[in-house]
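Trainee: I have a structure open and would like to learn how to read it. Where do we begin?
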Protein chains: 2
Amino acid sequence: LPEPTIAAAPGAAPGAVFESDFLRACFRRPVTRTPVWIMRQAGRYLPEYRALRERHDFLTCCRTPELACEITLQPVRRLGVDAAILFSDILLPLPGMGVEVAFEPAPRLARAVRSAADVDALRVADARETQPFVQEAVRLLRCELKVPLIGFAGAPFTVASYLIEGGGSRTFSATKQLLFSEPALAHWLLVKCADTVASSLVEQVRAGAQAAMLFDTWSGVLAPEEYREFALPYARRVLEAVGRARAVPRIYYAGESAGHLEVCAGVGAEVIGLDWRQDIGEARRRLGPALAVQGNLDPAELLGPPDRIRRRVAEILGGARGPDGRALGHVFNLGHGVLPDTKPEHAQLLVDAVHELSAGRP
Amino acid sequence: LPEPTIAAAPGAAPGAVFESDFLRACFRRPVTRTPVWIMRQAGRYLPEYRALRERHDFLTCCRTPELACEITLQPVRRLGVDAAILFSDILLPLPGMGVEVAFEPAPRLARAVRSAADVDALRVADARETQPFVQEAVRLLRCELKVPLIGFAGAPFTVASYLIEGGGSRTFSATKQLLFSEPALAHWLLVKCADTVASSLVEQVRAGAQAAMLFDTWSGVLAPEEYREFALPYARRVLEAVGRARAVPRIYYAGESAGHLEVCAGVGAEVIGLDWRQDIGEARRRLGPALAVQGNLDPAELLGPPDRIRRRVAEILGGARGPDGRALGHVFNLGHGVLPDTKPEHAQLLVDAVHELSAGRP
């Protein structure tokens, strides 16, 4: 594994990044304390985000580098998390493929992609042409941040499911119907999604993102057999492209993965992001000793009382330790995005509890 | 384990029930072929059900024994499944607790139960008083059916989550907030739900249902730790009450359980119902040799082509066999309810494929 010595961007504090517990944990190296960040840490639960959103709509925020940069920085300033994640959305590459997206706030696509003609019409988007604002936001952030910046994208299956459904879904019936009835067409769609997503993530890394995260939020709706066929190979394709571009740690968030976690181990990531529906210690045993893990507190725990939050943090920190009692390779996080009705004080309590309870216990 | 020799109700064909492959599979005894039924086999995907629903609303169908009986029989006549399941709904006991429910078609409760006063006001319903129509439907069905009748109820956590949310939910935030912030109140609510549900299920069994199924559809939204605290003990309480009433097989449907399946093994059921998000062979290994399993084809597979359905049926039949190659203790089913846009011919194809591919291979 490469040393986590990420070259600093112009203007960034190189020491801060070099000493990053977050990057060290991703590469399973000793840390001073367990690093922590929060999925969707920049978002609606923060009053400063809501204030900014009163003046700018969601897409404008994503597409304006200065706004995306400011929103990305908000939770870093407030909470003292160990990593920043670019404010963006997994569906931002879709217009580059030829499908417009509206956020109402749930995403609604201009059209669903279901026929061979629909798939044929999709472009593989080169992110340098279609999302220059994302790369510009990354460059701005590298001049501001003293913690590593995580770039991200949606995994191909998850992005394809939005394209097929034309938005969100509960049963993913249309997606599965396409996969099962026309597997060749599905694979063609997945290749186009993978190459578009890879371009998006690679260009974020080239612009300076020090870690790359792939969100496979919906692949857990598949049976293990079908996960292996329709989700895993395309996620691997993206992560391999990132690996060829830069030696940054790659984090693969596997939603609802308890039924096929061993399969996820082969995705080509350094870190597997876990949801809260599985025990983190058991998950580590299933993933094997080579991988780091990220997770996995139920976001709803932050709606509960402070003493309970501390207790659950302690339990997860304990569970993530190896049989030798060492806390190598654990990035603390929620098991899914923070809920909008979370009190910011409870997010703060989480971050502080992780730092305090893990300090001096490498 | 008791012999699966269920006394026949007046008018029923005793031999048919005695020879039931379904009951034999539940008790892990040799079968002539793998039995199969389909969750929500009586429902919207059947034209004869839709025709009947044009004249009667959903609740009227549930509460009128002759209608519930007719709807229960529809898929048995059409498909040749190995078991019938009473047409009813897991929320039917709620009015007896003091909370009316409307189906629009998603369930909406007259009020949400969140405060101590709300929980205090809930009654523990005696199903003999509050749901006599259910027991009457069971008695009618026992005179008509030549296959075993499954009675069912919602598991306490799942029922409680509807009460707390006031309907369905995606994140179960209100439920979890109550559990985490006021665990004593949550336990009080769960006891009331458990005793109400137990009465409903026990009275179905006393009226003649030859198997009892408990649907814990939503308990998979909990982390394993919290599943152990808030879901498992109450499901066990219900299943123990059923066991004291009659020696019928008890089936526990554990939705999204791949992260805590070993825990489910202790629920006190003879059969664990699996969703499709886990490999059935792996699930059997985790559950141990004493339990039968039910499942676990993705309902969306029935939207796909016939040859694929047959292939997936064969794979699941193969996966469910033990290391000795024997198919003991497997009831074939979907991993969740059949989707409303399923073609009835594909449900037929499923039933026929299970029977044909498993015949003569005990």
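Mentor: With burial. A residue is called buried when its relative accessible area is under 20%, and exposed when that area is over 50%. Keep in mind that this is a predicted model.

Trainee: Is Gln135(A) buried or exposed?

Mentor: Its relative accessible area is 7%, so Gln135(A) is buried. Gln135(A) sits in helix α9 of chain A, residues 132-144.

Trainee: Which residues is Gln135(A) in contact with, leaving aside neighbours within four places in sequence?

Mentor: Ala127(A), Arg128(A), Glu203(A) and Ala207(A).

Trainee: Now the sheet. What is the strand order in chain A?

Mentor: Read β1-β4-β5-β6-β7-β8-β9. These seven strands make an open sheet with parallel pairing. β1 (84-85) and β9 (330-334) of chain A each have a single partner strand, so one side of each lacks a neighbour in the sheet.

Trainee: How many bridges join β4 to β5 in chain A?

Mentor: Five; β4 covers residues 149-154 and β5 residues 211-216. Take one pair: Gly154(A) has Phe215(A) as its bridge partner in β5(A).

Trainee: Which strands does helix α16 of chain A lie across?

Mentor: β8 (292-297) and β9 of chain A. The helix spans residues 306-320 and runs at about 145° to β9(A).

Trainee: And the two chains?

Mentor: Two copies of a chain are related by a rotation about an axis and a shift along it.

Conventions. Residues numbered from 1 in each chain as written. Chains lettered and ligands numbered in written order. Predicted model: local features only at pLDDT ≥ 70, side-chain atom pairs only at ≥ 80, totals over all residues. Heavy atoms only, no water. Pairing = 2+ DSSP bridges. Helix = DSSP H or I, 4+ residues; strand = E, 2+ residues; numbered from the N terminus. Contact = heavy atoms within 4.5 Å. Axes fitted to C-alpha atoms, helices over the stretch in contact; angles between N-to-C directions. Buried < 20%, exposed > 50% of the residue type's maximum accessible area, 1.4 Å probe, protein only.
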